[in-house]
Amino acid sequence: MNGNEQPLTQREIGKFEQVLKDVTHRARNDRMIMMALQDEIEQLRRDSEKLKTRVYTAVAITIVAGSTIAWVIEMILR
C-alpha cells in the first residue's frame, strides 16, 4: 500500500460484497438462459429433421404416384 492510501471502510467493503453478489446472481441467470436456449435449439433441430423427413416422403410419394398415373395413362392410350 502507498502511504497516501487509506484502508477500505466497512461501507466500501459492503458495497464490493453487494457488487460481487449481483455479478454472481447475473452469471447464474445467464447460465440458466443459456441452458434454456440450448434446449430450444435441440428441439428446433429435432423439428427440422422431422420436417425434412416429411418433405422427402411427400416428394417420394409424388414421384411414385406420378409415375403410376403416367403408366396407367400410357396403358389406356395403347
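One definition first. A helix here is a DSSP run of H or I, at least four residues long, and helices are numbered from the N terminus. Keep in mind that this is a predicted model.

Let's start with helix 1. It covers residues 10–77. A36 sits in it. The cut-offs are under 20% for buried and over 50% for exposed.

Now a distance. Take A36 and F16. They are 20 residues apart along the chain. Their C-alpha atoms are separated by 30 Å.

Next, salt bridges. How many does the structure hold? Three. Let's take them in turn.

Here is E42 with R45. The closest N and O atoms of this pair are 2.8 Å apart. How are the two placed along the chain? E42 and R45 are three residues apart in helix 1, so about one helical turn separates them. E42 has 36% relative accessibility, so it counts as partly exposed. R45 has a relative accessible area of 52%, so R45 is exposed. That value is over the 50% cut-off.

On to E49 and K52. This pair also forms a salt bridge, with its closest N and O atoms 3.2 Å apart. Both residues lie in helix 1, three residues apart, about one turn of the helix. E49 is partly exposed, at 45% relative accessible area. K52 is partly exposed as well, at 38%.

Then E74 and R78. Their salt bridge has its closest N and O atoms 3.0 Å apart. E74 is partly exposed, with a relative accessible area of 40%. R78 is exposed, at 71% relative accessibility.

Last topic: the surface. Which residues make the nonpolar patch? They are I69, W71, V72, I73, M75, I76 and L77. I69 is found in helix 1. Why does I69 count as exposed? Because its relative accessible area is 51%, and exposed means over 50%.

A quick recap. Three salt bridges. Thanks, that's my part.

How values were computed: Residues are numbered from 1 along each chain as its sequence is written. This is a predicted model: local features need pLDDT of at least 70, side-chain atom pairs count only at pLDDT 80 or more; totals for chains, interfaces and linings use all residues. Side-chain values use heavy atoms; hydrogens and water are left out. Helices (H or I, at least four residues) and strands (E, at least two) are DSSP runs, numbered from the N terminus. Patches are made of residues with over 30% relative accessible area and no salt bridge: like charges are joined within 9 Å, nonpolar side chains (Val, Leu, Ile, Met, Phe, Trp, Tyr) within 5 Å. Accessible areas come from the Shrake-Rupley method with a 1.4 Å probe; for residues, only the protein chains shown count as cover. A salt bridge is a side-chain nitrogen of Lys or Arg within 4 Å of a carboxyl oxygen of Asp or Glu. Buried means under 20% relative accessible area, exposed over 50%, partly exposed in between (1.4 Å probe, protein chains only).
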